[in-house]
Amino acid sequence: MQVRPGAVWHPGQMALPGIVPMPPIAGGVGLPWDQPVGDAVAAIAAARKDCGDTFVIDSGRDRYLFTFSPRGVAEFYGLPEDRASKGVADWRMLRRKLPDEIFDGRRTFPHDLFGRSDAASYLANVHRALDATVADMGSEGTVDLFDMSRRLGHRVGLASWGGPGSAEEPALASLIGAFDALDGADAFVHPDVMAAVAANSKAAERTALAAVTERFAEAARAVEADRVLVTQHPLFARIVSAWSTETGDVRYRGIGHDVALVHVASMSNLFAALGWVFVDLLSDRPAAVRVAAGESAWAEQCALESIRLAQRSIMSRFVLEPVTIGDGEHTYRVPSGVTIATLLPLTNASAGPGLETWDPTRWNRRRLTRPVLAAPELVTSFGHGRHTCPAQPFSLAAISATVARLLSNFHWEPRWAARPQPVPAQIGGVARADGPCPATYRRLRSAGAPSAS
Ligand code: HEM
């Protein structure tokens with residue numbers, strides 16, 4: 001997820017922008033933040049069945065050009081950001097939920113935190129967060145896998161960029177509460193409640209943003225007072241230093257909002273991905289045994305495969321300056337104001353034979369090797385081209401370390417009656433489970449032994 005407000009086309013009362021040639025318009029279909037849709041992915045799948053691989057959906061005051069052909073999807077990932085912007089498309093979606101002030105004047109973006117040399121520091125923090133989690137779990141119990149992974153996602157993220165004290169109690173519980181209220185992902189996981197958020201003028205979100213900003217200001221003061229903390233919290237220290245030219249409230253608000261936006265970005269996908277990796281591993285014991293035994297490349301393949309199948313992402317680019325995009329049959333001239341989009345769940349599990357099943361052996365490290373696709377862009381876990389997720393190495397390392405630790409320390413039994421399903425209205429990010437997903441665990445006598453039997 002990238003957020004960068006910029007020059008934005010305002011629909012106002014103008015007619016919807018025309019595309020030349022004009023693809024078929026899917027009649028009666030809208031997107032879930034404009035009208036009740038039920039299952040958003042099923043609605044777009046039905047439109048594709050009726051209209052073919054390239055079609056238009058007019059929803060609310062916006063026009064969307066969807067593309068699904070191999071050429072169309074490949075060209076989609078090649079669109080230039082300055083003309084067809086992912087940043088603006090994301091911002092237009094997220095501003096339905098997040099207060100405007102979180103976007104203004106940001107100095108640190110996720111790209112700035114995930115360089116190659118950062119791996120060691122964030123992994124050390126991931127392991128610290130896991131130590132605390134394992135200690136909290138005790139010797140046995142029952143957890144909901146998605147509740148557990150959400151708490152873990154918060155803990156791992158805050159340990160990595162939240163500064164001293166943020167990933168530990170008492171700060172952790174109140175930060176989790178505030179970030180759950182602030183959660184930008186609601187814009188695409190529960191698009192149907194965005195009208196209520198607007199009606200409330202984002203009051204709950206503003207209160208939550210103020211609370212997290214205050215906590216990160218406290219952490220910043222701690223780092224300023226004790227330079228040893230800089231080495232223990234290098235990513236947070238980088239954010240603090242980005243604001244070194246400012247003083248007082250401006251400085252601390254800037255630091256707080258930078259951290260808040262990075263953490264909100266991390267909440268789009270990371271914890272949900274971790275939940276699905278757990279679900280798939282508890283459903284495939286031989287695969288889990290290899291993860292528990294410490295095969296980290298295998299754990300990453302499992303993660304990529306679970307994410308591929310759980311992807312519910314709408315990929316969108318808001319056209320700022322006219323662009324052309326071909327789908328193999330036509331080349332369309334697309335004017336400013338249109339959003340060009342593709343939807344991962346309609347290609348990731350069907351673009352080639354066998355893709356509907358979970359099979360981590362189809363990945364060779366981070367590359368999909370089977371089946372051969374009409375265009376490699378038809379399947380993705382972390383994106384393609386210039387917008388590929390900058391946090392992929394961090395996310396895969398964090399997920400692999402987490403499942404390896406929890407599977408090697410505990411014996412697990414899935415307790416769900418049927419495999420959990422995605423929230424139907426969700427249209428973006430990795431799927432959230434639409435119901436409980438319980439599992440029981442029991443600590444193994446020898447830590448490090450495989451937990452799956
Ligand atoms: C398992 C976890 C994750 C998955 C599956 C994931 C997936 C993706 C995908 C598919 C894209 C490309 C979107 C597009 O082309 O429209 C993307 C981009 C992005 N992701 Fe992630 N992501 C994950 C974790 C994270 C985390 C933890 C962060 C930050 C804290 C993050 C920040 C970003 C940013 C900033 C971009 C935009 C990059 C750009 O436009 O250049 N992601 N992610």
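The dialogue below treats the model, its cavities, a sheet, a hairpin and some backbone features.

Me: What kind of model is this, and how are its residues numbered?

Reply: This is a predicted model, in which local features need pLDDT of at least 70 and side-chain atom pairs count only at pLDDT 80 or more, while totals for chains, interfaces and linings use all residues. Residues are numbered from 1 along each chain as its sequence is written, and side-chain values use heavy atoms, with hydrogens and water left out.

Me: Which residues line the largest cavity?

Reply: Lining residues have an atom within 4 Å of a point. Those of the largest cavity are W33, Y64, A89, R92, M93, R96, I314, S316, F318 and T339. Two or more of the lining residues come from each of α3 (86–94) and β5 (314–319). Helices (H or I, at least four residues) and strands (E, at least two) are DSSP runs, numbered from the N terminus. By class, the lining has six nonpolar, two polar and two charged residues; Ala, Val, Leu, Ile, Met, Phe, Trp, Tyr, Cys and Pro count as nonpolar, Asp, Glu, Lys and Arg as charged, and the others, Gly among them, as polar.

Me: In what order do the three strands of the open sheet stand?

Reply: Strands of a sheet pair through backbone hydrogen bonds, either parallel or antiparallel. Two strands count as paired if DSSP finds at least two bridges between them. In this open sheet the order is β4-β12-β11, with antiparallel pairing. Because β4 (140–144) and β11 (410–414) are at the edges, each with a single partner strand, one side of each has no neighbour in the sheet. β11 is joined to β12 (residues 438–443) by five bridges, and P414 has A439 of β12 as its bridge partner.

Me: Which helix packs on the sheet?

Reply: Helix α17 (residues 392–409) does so, touching β11 and β12 (contact means heavy atoms within 4.5 Å). The direction of α17 makes about 95° with that of β11; axes are lines fitted to C-alpha atoms, for helices over the stretch in contact, and angles run from 0 to 180 degrees between N-to-C directions.

Me: How many bridges join β6 to β7?

Reply: Four bridges join β6 (residues 323–326) to β7 (residues 331–334), and the two run antiparallel. G326 has T331 as its bridge partner in β7. This hairpin has four residues between the strands, and G328 takes a positive phi near 100°.

Me: Is S201 buried, partly exposed or exposed?

Reply: Buried means under 20% relative accessible area, exposed over 50%, and partly exposed in between (1.4 Å probe, protein chains only). S201 has 47% relative accessibility, so S201 counts as partly exposed. R365, at 58%, counts as exposed.

How values were computed
On a 1 Å grid over the protein atoms alone, a cavity is a set of points where a 1.4 Å probe fits but cannot get out, and a pocket is an open set with protein on both sides within 12 Å along at least five of seven lines; lining residues have an atom within 4 Å of a point.
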